[in-house]
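Colleague: I have not looked at this one before. Can you take me through a few spots?
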Amino acid sequence: MKLALILAPYDSGHYHAGFGQGPDAIITGGLVDELALHGHEAEVIEIDRIEDEDLREITAGFAVCDAVSRAIGIARAEGRFPIVLAGNCLTAAGAIAGEGSDSIVWFDQHGDINTPETSSTGFLDGMALATVLGLCWRTIANAIPGFSAIDPWRCMLVGARDLDATEKKLLEDLPVIRASCADLPEKAERLKAAGAERTHLHIDLDVHNSDTLQANRYAAPGGPSPQDVRQAVSALARAVPVTGVTITAYDPAFDAKGEVPPVVGRLLVDFLAAMERI
């Protein structure tokens, strides 16, 4: 396949800091070579540094989404499948905008479904899925080229285990499909029944069990193994048409042995192989 690896190296509006170092670390960890070994041609595209250094986190975060949406539009026009390597989960809003996605599968240890009214911390990335679903930040999100909020009926949340009380209440009230890696193939049928035709795949790497893979400082035990995640995303690729991928929240400072980049490579190789078999 012809691929576009789009790097968005930002963490909470800061360029190449914290999680923003993750995209480059995944590339230098051999991702392009791994993909090439399996017959894929990958072009690496880095989002330009935002010129106004005084932008606040919210403004900067959505500026990155805007840039990602435009980069995906160019990649798709060239016949390339977009894979976004990002620091923050909010960047998925730019990806679904560029792809014109009508559904999303969100792998994450966290729910990311708080809003400014429910959040006790004000952490913007804790509102990332809520933004994608049109629950908050509507005006600024709608300014992203091509953005259209995803109907919660066409959202699947996979592997979430670290939810605060307000997120639990929101998820009880919303028709979001909750799934584990093991039952994803069965739950994907519900996604198709809800009308999913263009599905975006989002993977926050802290969905993994930290006993087997430590992606960042928030990662905790109890999640799926890398093999579990690989099998689940491959099953998803066989079940629904996937328009693109975001992979986020890798902080190399918490991965002293450099274990995450090879895991990302194997995950994408298996996922793309499943797509090609359709």
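Colleague: Where does Asp251 lie?
Modeller: Asp251 is in the loop that runs between strand E10 (242–248) and helix H10 (260–276). Helices (H or I, at least four residues) and strands (E, at least two) are DSSP runs, numbered from the N terminus. This is a predicted model, in which local features need pLDDT of at least 70 and side-chain atom pairs count only at pLDDT 80 or more, while totals for chains, interfaces and linings use all residues. Residues are numbered from 1 along each chain as its sequence is written, and side-chain values use heavy atoms, with hydrogens and water left out.

Colleague: Is Asp251 buried or exposed?
Modeller: Asp251 is buried, with a relative accessible area of 5%. Buried means under 20% relative accessible area, exposed over 50%, and partly exposed in between (1.4 Å probe, protein chains only).

Colleague: What is Asp251 in contact with, leaving aside its neighbours within four places in sequence?
Modeller: With those neighbours set aside, Asp251 is in contact with Gly18, Phe19, Ala215, Asn216 and Arg217. Contact means heavy atoms within 4.5 Å.

Colleague: Which other residue in that loop has a positive phi?
Modeller: Ala249, in the loop between E10 and H10, has a phi near 70 degrees, although this residue is not a glycine. Ala249 counts as buried, at 3% relative accessibility.

Colleague: And what about His16, what is its phi?
Modeller: His16 has a positive phi of about 55 degrees and is not a glycine either. His16 is found in the loop between strand E3 (14–15) and helix H1 (22–28). With a relative accessible area of 30%, His16 is partly exposed.

Colleague: On to H10. How do the axes of H9 and H10 cross?
Modeller: The axes of helix H9 (residues 226–239) and H10 come within 8 Å and cross at roughly 25 degrees. Axes are lines fitted to C-alpha atoms, for helices over the stretch in contact, and angles run from 0 to 180 degrees between N-to-C directions. That makes H9 roughly parallel to H10; angles under 35 degrees count as roughly parallel, over 145 as roughly antiparallel, 65 to 115 as roughly perpendicular and the rest as oblique.

Colleague: Which residues make the contact?
Modeller: Among them are Val229, Val233 and Ala237 of H9, and Leu267, Phe271 and Ala274 of H10.

Colleague: Next, H7. Which residues are buried there?
Modeller: In helix H7 (residues 165–173), Glu167, Leu170 and Leu171 are buried. Seen down the axis of H7, these buried residues fall within an arc of 95 degrees, so they line one face of the helix. The arc is that of the directions from the helix axis to the C-beta atoms.

Colleague: What do they pack against, then?
Modeller: The buried residues of H7 pack against strand E7 (155–158) and strand E8 (177–179). The face turned away from that buried side carries the exposed residues Ala165, Glu172 and Asp173.

Colleague: How many disulfides are there?
Modeller: A search of the whole structure finds zero disulfides, a disulfide being a pair of cysteine sulfur atoms within 2.5 Å. Cys65 is in no disulfide, and the nearest cysteine sulfur, that of Cys89, is 11 Å away. Cys65 counts as buried, at 0% relative accessibility.
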